[in-house]
Every structure is written in structure tokens, then in C-alpha cells.
Amino acid sequence: MDNFTFHSPTEFVFGRGTQNQTGKLIKQYGGGKTLLVYGGGSAERSGLIKQITDSLKSEGIDFAVLKGVKPNPTDDKVYEGIALAVKEGVTFVLAVGGGSVIDTAKAIAMGAVYSGDFWDFYCGKATPVAALPVGVVLTIPAAGSEGSPNSVITKLDGLHKVSCRCQLTRPKFAVMNPELTMSLPWEQTAYGITDMLCHIFERYFSNTPAQLVNAYSEAIMRDVMDNALTLKINPEDYEARADVMWAGTLAHNGICGVGKEEDWATHRMEHEVSAIYNVAHGAGLACIAPAWLTFVAKRNPDMVWKFAINVMSVNPEGLETDQIIEEGISLLKDFYHDLGLTTSLTELIGKEPDIDAMVKSLEGNMGKSLGFYVPLTMDDCREIYKLAL
């Protein structure tokens, strides 16, 4: 295990009815006038937004509203939010939703106190030195953004989808009520499960020895997959919802990557898919992850066969290493299919994707290589895209 620093200051307030504590939590963390950021219809129809605004009013907290954040969040909404935050003089940003809403809120929090273009932080031109505090009421377990310093935004000009890691935007608190996820359309639950699994993949598939970290990462992955199938049968199973919601946080708050060199090639390759073709991030990952595993296993089989045995429950007796790996990847694909997802990029987007365009964009965003478990050239990435077709 390598040297590491792990700092996770977010306060997690978990369980039934916890959304009603939102106003008190904002005051607890020194917030005044608040920018309430959310997606739209479902949060309003369910009554959640009224519960949140009632909680703010009960604490005497004035607020402004930015709604209409869409999946695969884009820079135009961030600019709109920054302008509103500056105009209204807000001192706190509250995200009510999933990863897209939270990531938008984080970008606004950085941009509202910066004299330049917030995109400077995403393209690497500048490093944020200040940000408004952010709080979260989570409604979609997936991205883990409620407990991480990361955010991902797409710049519409050129369709550049890139991430920014800023500890200043790690949420002060995250309200997590599993009941709020029970009304999600099944595909959103499935996309979320795929995303959180891949967040662990990016840390698990590493060349750094870390037995304990690997062991609990495997346990989280097994638990997520087990509860996913439970929720497919009974979407209102509270205990399964609770496990999946908390697993999404653990998958991306850094605990599964302590002391390890992380990879992130799968996510970065998928970002090109969802940026260009506007598909759900989790849906794209279900295509890219098995293809990436198939490719890297030829060069570095070590963690892939361990994954096949310890997570996918392949019985290794009488099998060669490559057979264990092949069966493990096949079972992973079967799991995605059981969730109702495709593992074919062509099927996902309805046509054969433009691989040259994706590779060109990937190189523009990431340079000549990416990944650490197996360092990949752009030609390697092209082959992985082909395997995902």
C-alpha cells in the first residue's frame, strides 16, 4: 500500500425523513441565502421540493431557484447558475438530485467566486482557491458526487466532457433518504448501479498491493450486485435501497482507492460516448467496462482473474487463467443484461459510432495515453471501442 492522505469531511445524514433537516444543516454550516439547484418535474411532483423549501423557510433561510438541470450536465446551465448566484448574493449552494445536479452545483460554487471563466478549472488553466459551500439532498444513488470532490461538466462548444477535482467543493453535508429513490424509473437505478460499480473498478484494478482495500471493495461490489437484482424484483425494498445508496457513496468518496494507484481509463473513454451521443453515463459504462477488461486482461491478467473469482464467483477448479477471466467477463455482461442494459455500443446509440471522432476527442482531452493498470495508447483505446461495438 502506498502512502496516502484520506480526508472525508462530509456529514452524512442517512435515513427516513432526513430531508426535513435540510434547513437546520444549512444554518449549522453557516449558510445564509441559498441557491437551490435541481432538475425539475419529478422532484416537484413528488413534493420533495416543497419539503425542502418548507425546511428552509422554517429556519428563516431566503433562497433563489435554478431548475432544469439535465443528465450529462452542460456549461450553459452552470453559467446561468453563476449569474443567478452573483445577482442574488447567495452564500450557500444546495443541490437536490443526483450526480448531474450536484456536479452543476459544484461548478456554480467555484464559478460564483471567480472573476474568470469557471471552465478554466476544468481545462486545467486555473486552480480554484475559493468556493461557496455546497450541500446535497441525494435522490439518485450513482455518481457518488455527494461525498466526493469531483464534478464532470460538458462544454457544448466542442462537446468536451471533463472532470474537475476540487476539495473545496466536497459537500458540507449529504442528506440521504433511501425512500426518495423508490420512485425512480428502473433504468435510472440500473444506470446508477453500473456507475458505482465502475467507480470501484477504477480503483480496484490497480498494480498497487492493497489486500484490505481490495477485500472490502470486493464486498461492496458483491453487495451492490446482489441488491440490484433484489430491487429489480421489488423496487420498494428499503434495506436494498439503503445498501445501494450507501454503496454509491463508498464507491466514490475515496475509501476504495486509499494507498492505491487508480486507473480511470474506462470512465474517460465513456465520457466521449456520452458527450457525443448524449446517452446515459451508466449505459455507456456497461458497454465500455467489459471491453476494457477483455483488452487489459491480455496484458495484465492479475486483478481480472481475482475479480472473476472473488466478485463474479467463478469456480476456478479445472480452469486456466484465461478461461476464468473469460467466464468472469461473460458473467459481468450477463449481470448488465439482467439489469436491462446492453453491452453493445452499436445497439446503445442505434448505429455504429464514429470511433475516429471519439478517439480524436479523447486525445484532445486526455493527451496521448491514459490509464495505469495497463497504460493505453490512443490505438489501444480505438481497439477497446471496437471491442465494445
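A contact is counted where heavy atoms lie within 4.5 Å. The structure is a predicted model, in which local features need pLDDT of at least 70, side-chain atom pairs count only at pLDDT 80 or more, and totals for chains, interfaces and linings use all residues. Residues are numbered from 1 along each chain as its sequence is written, and side-chain values use heavy atoms, with hydrogens and water left out.

By this contact rule, and not counting residues up to four places away in sequence, Trp292 touches Phe205, Asp263, Ala265, Thr266, Tyr373, Leu376 and Ile384. Trp292 also belongs to the largest nonpolar core, which has 66 residues. A nonpolar core is a set of buried Ala, Val, Leu, Ile, Met, Phe, Trp, Tyr and Cys residues joined through side-chain atoms within 4.5 Å; buried means under 20% relative accessible area, exposed over 50%, and partly exposed in between, computed with a 1.4 Å probe on protein chains only. The residues with the most contacts inside this core are Phe201, Phe205, Trp292, Phe307, Tyr336, Leu376 and Tyr385. Helix α11 (residues 281–297) gives the most to the core, with 11 residues; helices (H or I, at least four residues) and strands (E, at least two) are DSSP runs numbered from the N terminus. A second, separate core of 35 residues includes Ala64, Leu84, Ile102 and Val134.

Asn72 counts as buried because its relative accessibility is 11%. Ser313 has a phi of about 60° and lies in the loop between α12 (302–310) and α13 (321–338). At 59% relative accessibility, Ser313 counts as exposed.
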